[in-house]
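Hello,

Here is the structure we talked about handing over. Please open it first, then read the notes below.

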Amino acid sequence: MFPAVINNKFTKKPSSVGIIPTSYSGGQKKSGVDIAPAEMIKAGLVEQIEKMGYKTELLENIDCSTLKPEVETLVEGSSAVNLVWTSNVASYHADRVEEQCRKGNFALSIGGDHSLGFGTITGSSRVYGDDLCVIWVDAHTDINTLKTTDSGNLHGCPVSFVLGIDSHPAYDWLKPIVKKNRFVYIGLRDIDFEERKIVKDNNIKAFTMHDVDKYGIGAVVQKALDYVNPNLDLPIHLSIDVDAMDPSVAPATGTPVRGGLTFRECHYLCEAIAETNCLVALDVVEVNPLLGDKIAFDQTVAVGNSVIRCALGETLL
């Protein structure tokens with residue numbers, strides 16, 4: 001294993017990675033995703049990162065049940081579930097991400113479901129401000145509002161909050177924190193009708209799998225970077241849902257959709273963003289050990305750890 005790219009423009013040197021595991025599954029209804037952080041660490045994630053030349057700080061993997069409220073809040077006209085619980089967990093997670101970023105560490109969040117995005121983006125933006133660029137790699141847009149979500153699953157809503165499109169008093173700790181022209185999607189292929197309207201009405205930049213097929217992943221990543229960070233002088237937060245990859249690559253996930261990124265496409269994406277030396281935070285979420293057999297799970301965990309290493313600068317030569 002070769003040394004990592006450690007000449008990051010924004011993190012301290014020598015480079016340190018703060019690993020923030022949060023075992024939360026309440027943003028959706030399938031059990032098991034909360035087990036993933038422990039399994040990814042068990043599979044050697046910390047050792048793999050250290051072999052690349054990084055120092056690591058592994059934070060405690062908290063019991064999210066301790067943050068569950070006795071009484072939940074219901075929203076009139078909305079099917080949203082676990083509204084306050086998700087807020088409590090995401091707020092706590094945001095504080096931990098912020099702490100790592102303030103230390104000058106690279107903030108690595110491992111989940112858990114993508115409702116952690118309420119917190120991960122908030123935490124890094126508290127340190128890096130509205131210059132923060134966000135690249136959201138996902139099969140889904142996760143931009144439903146509390147009123148448009150059909151499933152009620154809050155892992156499909158964080159983008160609408162961090163862009164200031166939606167809000168709720170339970171999320172007063174979360175302010176509209178990302179400029180819309182600093183946000184870009186890559187890998188979309190399963191978008192709700194209402195989400196399509198939200199994306200178009202707000203002029204949000206998105207590269208679907210059609211774009212990947214048409215232009216190739218190299219051109220798509222370059223177009224995305226040219227849009228959010230044309231001079232490569234701003235910090236980047238990369239948020240990856242493993243369902244962005246095709247189910248043949250990452251089968252153990254809750255909402256798989258055929259036709260996703262290949263193994264090499266996702267790894268190239270991470271390699272190219274690492275090469276910018278602007279990446280300050282990374283989320284890898286939605287690995288679910290209870291979906292599929294052991295082979296499927298081991299494969300998904302291995303791929304999750306592998307994309308983390310690539311985002312931290314692992315190279316073939």
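Some terms first. Angles under 35 degrees count as roughly parallel, over 145 as roughly antiparallel, 65 to 115 as roughly perpendicular, and the rest as oblique. Axes are lines fitted to C-alpha atoms, for helices over the stretch in contact, and angles run from 0 to 180 degrees between N-to-C directions. Helices (H or I, at least four residues) are DSSP runs, numbered from the N terminus.

This is a predicted model: local features need pLDDT of at least 70, side-chain atom pairs count only at pLDDT 80 or more, and totals for chains, interfaces and linings use all residues. Residues are numbered from 1 along each chain as its sequence is written, and side-chain values use heavy atoms, with hydrogens and water left out.

H8 and H9

Helix H8 covers residues 217–228 and helix H9 covers residues 263–275. They pack at an angle of about 40°, with axes 10 Å apart. H8 and H9 are therefore oblique to each other. Contact means heavy atoms within 4.5 Å. From H8, Ile 217, Gly 218 and Val 221 meet Glu 265, Tyr 268, Leu 269, Ala 272 and Ile 273 of H9. By class, this contact has 6 nonpolar, 1 polar and 1 charged residues. Here Ala, Val, Leu, Ile, Met, Phe, Trp, Tyr, Cys and Pro count as nonpolar, Asp, Glu, Lys and Arg as charged, and the others, Gly among them, as polar.

H9 and H10

H9 also packs with helix H10 (residues 294–311), at about 30° and with axes 7 Å apart. H9 and H10 are therefore roughly parallel to each other. Their crossing is right-handed. The H9 residues in contact include Phe 263, Cys 266 and His 267, and those of H10 include Val 303 and Ser 306. The classes are 8 nonpolar, 2 polar and 1 charged.

Helix H3 (residues 83–102) has 20 residues. H3 reaches 28 Å from first C-alpha to last, close to the 28 Å expected at 1.5 Å a residue. Val 97 is in H3. Val 97 counts as buried, at 1% relative accessibility. Beyond four places in sequence, Val 97 touches Ile 20, Ala 107, Ser 109, Thr 120, Gly 123 and Ser 124. Just after H3, Gly 104 takes a positive phi of about 85°.

Best wishes

Conventions. Helix = DSSP H or I, 4+ residues; strand = E, 2+ residues; numbered from the N terminus. Expected span 1.5 Å × (residues − 1). Buried < 20%, exposed > 50% of the residue type's maximum accessible area, 1.4 Å probe, protein only. Left-handed = near helix turned anticlockwise from the far one by under 90°.
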